[in-house]
Amino acid sequence: MVAAVESPPFLTGQLLLSMPGIGDERFARAVIAMCLHDEGGALGLIINRPHAELTLHGLLEQLEVDAGVAPDVPVLDGGPVEPGRGFVLHEADYAAAGTIRVGDAWAFTSTLDILQAIARGEGPRRWHMVLGYAGLGAGQLEDELNHHGWHIAPGDAALLWDSPAAHRWERAFALTGVAVANLSATSGRA
């Protein structure tokens, strides 16, 4: 008899992976870094979807911040909620006013100060600029996890910082021993 593996009560610091056939194109093939999850709800940032039209330099120009030494990297589309709200998802070795540490793998900051620090070359060593987020109300994520749609993976720093965005979905599933070629868009019944 195989013992059932229980999901942790809250998913802060883990990855939420959309399953094929999730039924919501906004989350198709999404890898969500769960930044906050408690009895009040959840906030996560999609980390594998570059914004169609915006890079960091374009965003800094809109914010009237000199790009300085900041690389002109793609901005990530973090989710459908508040698409104009920005977050910097970064290594946990950096902290400033307003930084929220998420486990050992990452932290996030949503103040303009971090963008100014990045432009000066004084920000976190590794980071992603993200616009928007995935937000869920109290109990909503727990309910969705009981239906076909989501898979949980460990919050892996190498996946977050070293894997190209286009490969994060497949690699996150691989962390849990799942080959995406074996996934089905429909759930089965026993």
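## Basis of the description

Helices (H or I, at least four residues) and strands (E, at least two) are DSSP runs, numbered from the N terminus. The model is predicted, so local features need pLDDT of at least 70 and side-chain atom pairs count only at pLDDT 80 or more, while totals for chains, interfaces and linings use all residues. Residues are numbered from 1 along each chain as its sequence is written, and side-chain values use heavy atoms, with hydrogens and water left out.

## Ser18

Ser18 belongs to strand β1.

Beyond neighbours within four places in sequence, the contacts of Ser18 (heavy atoms within 4.5 Å) include Gly149, Trp150, Trp169 and Phe173.

## The nonpolar cores

A nonpolar core is a set of buried Ala, Val, Leu, Ile, Met, Phe, Trp, Tyr and Cys residues joined through side-chain atoms within 4.5 Å. The largest has 25 residues, and Leu45 and Trp106 are among those touching the most other members. Elements giving two or more residues to this core include β1 (15-18), β6 (81-90) and α5 (168-175). Apart from this core lies another, of 17 residues, among them Leu56 and Ile118.

## Gly79

Gly79 is found in the loop between β5 (74-77) and β6, and is buried at 5% relative accessible area. Its C-alpha atom is separated by 8.1 Å from that of Gly135, 56 residues apart along the chain.

How values were computed
Buried means under 20% relative accessible area, exposed over 50%, partly exposed in between (1.4 Å probe, protein chains only).
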